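Walk me through this protein, please.

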Amino acid sequence: MISYIRGELAGLERDKAIVDVQGVGYGIYMPEQSLSLLGPIGCEVKIHTYLNVREDAMQLFGFLTRDDLEVFRLVIGVSGIGPKGGLNILSCLSADELKFAVLSGDAKAICAAPGIGKKTAEKLIIELKDKLDLKEMLRAAKRSRRRDSIRWAKR
C-alpha cells in the first residue's frame, strides 16, 4: 500500500496530477477541486493515496487530506460505486459537503456527480449514514475555523 506520495509537481492533466519522486513520475487521479489547489508546476506536494488494483490496471487516487481519503474509502465501500464514481462524487462535493449531504439525506446534491443516479445516491446515504458521526464533524469544523482564525491573526 502506498499511503502518500511527496515530490515535485511535474504536470497536470484533465483528471490527474503527475508527481516526480526521484525521477519516477506517478500519475495520480484526483478530484477536480483538489487539482486546482495543488499550486504551480515545480512546487513540492504531498498527496494521500489509495492504490486500486484490478486485473488489468493499477491506479493511484489521491487527496490533499487524510480526511478526504477516508471519505473516499467509505464511498467506494458502497456496492455499485467504484473508484472512478467516488472520484466523480468528490469532484462535485467536498468531503464535508458530502458528509452533510449524507447526514441530511440530500440525494439531489449527490446526484449532481456524473454517473450517479437517484438510486445510487439513496443507497450511498443509507449505507454511510451510520458510519458518519455528526458530533465529530461539528468538532472538526470548529477546530478548522479556529485554525483559520489563528492563521489570519498571525498575518
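**Aromatic rings**

The count of aromatic pairs in this structure comes to four. One of them brings together Tyr50 and Phe72. Their ring centres lie 5.6 Å apart and their planes meet at 70°, so the pair is edge-to-face. The cut-off behind that word is a plane angle over 60 degrees. This pair links distant parts of the chain. Tyr50 belongs to strand E4 (residues 44–53), Phe72 belongs to helix H2, and 22 residues separate the two. The model shown here is a predicted one.

Are these two residues buried or exposed? Tyr50 has a relative accessibility of 18%, so it counts as buried. The limit for buried is under 20%. Phe72 is at 0% relative accessibility and counts as buried. Phe72 also pairs with Phe63. Here the ring centres are 4.8 Å apart and the planes are at 40°, so this pair is tilted. Both Phe63 and Phe72 are buried.

Tyr29, Tyr50, Phe61, Phe63 and Phe72 make up one aromatic cluster. A pair of such rings is described by two values, the distance of the centres and the angle of the planes.

**Around Phe63**

Stay with Phe63 for a moment. It is found in strand E5, which covers residues 58–63. Its relative accessible area is 1%, so Phe63 is buried. What does Phe63 touch, leaving aside its neighbours within four places in sequence? Its contacts are Met30, Pro31, Ile47, His48, Asp68, Leu69, Phe72, Leu87 and Leu90. His48 is 15 residues away from Phe63 along the chain, yet their C-alpha atoms are separated by 5.2 Å.

**Charges over rings**

Two lysines sit over tyrosine rings. Lys84 lies over the face of Tyr29, at 3.8 Å from the ring centre. Tyr29 is one of the residues in the aromatic cluster. The charged end of Lys46 sits over the ring of Tyr4, 4.3 Å from its centre.

**The strands**

Now turn to the strands. E2 and E3 pair in the antiparallel sense, over six bridges. Within this pairing, Val21 has Val24 in E3 as its bridge partner. The two strands form a hairpin with two residues between them. Gln22 takes a positive phi of about 50°, although it is not a glycine. Its place is in the loop between strand E2 (16–21) and strand E3 (24–29). Is Gln22 buried or exposed? With a relative accessible area of 81%, Gln22 is exposed.

E3 has a further partner. Two bridges join E3 to E5, and these strands run parallel. Tyr29 stands opposite Phe61 in E5. Tyr29 and Phe61 are both in the aromatic cluster. In a regular strand, side chains alternate between the two faces of the sheet.

**The helices**

Helix H6 comes next. It spans residues 118–129, twelve residues in total. From its first C-alpha to its last it reaches 16 Å, close to the 16 Å expected at 1.5 Å a residue. Which residues of H6 are buried? They are Ala121, Leu124, Ile125 and Leu128. These residues cover an arc of only 100° around the axis, which puts them on the same side of H6. The general rule is that an α-helix has 3.6 residues a turn, so residues three or four places apart point the same way.

What do the buried residues of H6 pack against? Their partners are helix H2 (66–76), helix H3 (83–92), helix H4 (95–104) and helix H5 (107–111). The face of H6 turned away from its buried side carries the exposed residues Lys119 and Ile126.

H4 can be read in a similar way. Its buried residues are Ala95, Leu98, Lys99, Ala101 and Val102. They cover an arc of only 165° around the axis, which puts them on the same side of H4. Just after H4, Gly105 takes a positive phi of about 75°.

**The whole chain**

Read along the sequence, the pattern is β-β-β-α-β-β-α-α-α-α-α-α. Of its 155 residues, 37% count as buried. Among contacts between residues at least 6 apart in sequence, 50% join residues at least 24 apart.

Conventions
Residues numbered from 1 in each chain as written. Predicted model: local features only at pLDDT ≥ 70, side-chain atom pairs only at ≥ 80, totals over all residues. Heavy atoms only, no water. Helix = DSSP H or I, 4+ residues; strand = E, 2+ residues; numbered from the N terminus. Buried < 20%, exposed > 50% of the residue type's maximum accessible area, 1.4 Å probe, protein only. Contact = heavy atoms within 4.5 Å. Expected span 1.5 Å × (residues − 1). Arc of directions from axis to C-beta. Phe/Tyr/Trp six-rings, centres within 6.5 Å; stacked < 30°, edge-to-face > 60°. Lys NZ or Arg CZ within 6 Å of the ring centre and 35° of its normal. Pairing = 2+ DSSP bridges.
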